[in-house]
Amino acid sequence: ASRPGAMAASPGALRRAGNEEFRRGQYGPAAALYTRALELLEAAGTARPGPAGRVGGRRSGAELRSRLCPGAGEAAAEERSVLLANRAACHLKDGACGLCVTDCSSALELVPFGIKPLLRRAAAYEALERYRLAYVDYRTALQVDCSIPAAHDGVNRMTKALLEQDGANWRQKLPPIPTVPVSAQTRWSVPSAGAPGANAPPAAAQRAGPGENAAAGTERAQTLKAEGNELVKKGNHKKAVEKYTESLKLNQECATYTNRALCYLTLKQYKEAVQDCTEALRLDPKNVKALYRRAQALKELKDYKSSIADIKSLLKTEPKNTAALRLLQELNRA
């Protein structure tokens, strides 16, 4: 038996309810509503029987509708893409960057070159420090719409990060950047009739899905983190902590927590370093930097047992990590 009222909600109504939750900062409940809407769409696509007597099985309801009404299949794909992109925004705000990447990739398979999933996946890749992939997505977004400030800023940040990471020949190490067809550029130049403004460029999509304030907040968070990184390089760890703190208010990200933890270690604020690493591990349970830095902080706090446990967890992921092996030797002698 279905729950009372469960069948009454349409995917569109659930999406609108999810948008409201997102605007109120309730990202978990918003994601749950988008998931329910996706489940309803999936059920609508598979529940209807195919024509009797078909050899080799039945056609799905979605397949039949797309054959009888070609526009129906496209509209369903676009609606699913919107819901996936919206759920990805929730994951991004919650720091679940891997889930964000998965949802954005699924959205882009359904409707290629959507601006929002491209930008959100780029932000997630950037948070995961997968700068080459982030660069490709930011560049692709600019092919679709060259007027997006977030994409321009993202390209600039990734160019700087890749120069530091890969040196002068960084472009040679990039994955292929897809060529966006003119039809896709035209598609996003006007609001879509199928799903109003859902994947449209930011200027056209102020009322669609989790709005541009979220994207702007994520972009600002990345800028603050980059400023913090620059201050660390200059040895100004106290000021860097302030930048990372402002960044985390806008977007909780694993790398920002581990960066701030490094500053706290340098400033001998070991309890704060432990707290930040714990938050990072909540977002990414196997994060090597978080495990190593928490082990360092715990060692200074003379909690040798917990420190050893963190190093052993790290070594399961990276058995030949020389810094971790060296720290384990020190702990065993302590």
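How much accessible surface does the protein chain have, and what share of it belongs to carbon and sulfur atoms? In this predicted model, the accessible surface comes to about 17000 Å², and 54% of that belongs to carbon and sulfur atoms.

Let me begin with the overall composition. The protein chain contains 16 helices and 0 strands. Of its 334 residues, 47% are buried. If we take the contacts between residues at least 6 apart in sequence, 56% of them join residues at least 24 apart.

I turn now to one helix in particular, H6, which covers residues 115–127. H6 has 13 residues and reaches 18 Å from its first C-alpha to its last, close to the 18 Å expected at 1.5 Å a residue. After H6 comes glutamate 129, which has a positive phi, near 65 degrees.

My next topic is helix packing. Two packed helices are described by the angle between their axes and by the distance between those axes. Helix H14, residues 288–300, takes part in two such pairs that I wish to present.

Because angles under 35 degrees count as roughly parallel, H14 is roughly parallel to H16. On the H14 side, the contact is made by Tyr292, Ala295, Gln296 and Lys299. H16 contributes Ala323, Ala324, Leu327, Glu330 and Leu331. The crossing of these two helices is left-handed.

In the second pair, H14 packs with H13, residues 270–283. What is the angle between H13 and H14, and how far apart are their axes? The angle is about 155 degrees and the axes are 9 Å apart. H13 is therefore roughly antiparallel to H14. The residues of H13 in this contact include Tyr270, Val274, Cys277 and Leu281, while those of H14 include Leu291, Arg293, Arg294 and Leu298. The crossing of H13 and H14 is also left-handed.

Finally, I draw your attention to threonine 102, which is found in helix H5, residues 97–110. Threonine 102 is partly exposed, with a relative accessible area of 46%. Threonine 102 and alanine 88 are 14 residues apart in sequence, and their C-alpha atoms lie 8.0 Å apart in space.

Definitions and conventions
Residues numbered from 1 in each chain as written. Predicted model: local features only at pLDDT ≥ 70, side-chain atom pairs only at ≥ 80, totals over all residues. Heavy atoms only, no water. Helix = DSSP H or I, 4+ residues; strand = E, 2+ residues; numbered from the N terminus. Buried < 20%, exposed > 50% of the residue type's maximum accessible area, 1.4 Å probe, protein only. Contact = heavy atoms within 4.5 Å. Areas by Shrake-Rupley, 256 points an atom, 1.4 Å probe, with all protein chains shown as cover. Expected span 1.5 Å × (residues − 1). Axes fitted to C-alpha atoms, helices over the stretch in contact; angles between N-to-C directions. Parallel < 35°, antiparallel > 145°, perpendicular 65-115°, else oblique. Left-handed = near helix turned anticlockwise from the far one by under 90°.
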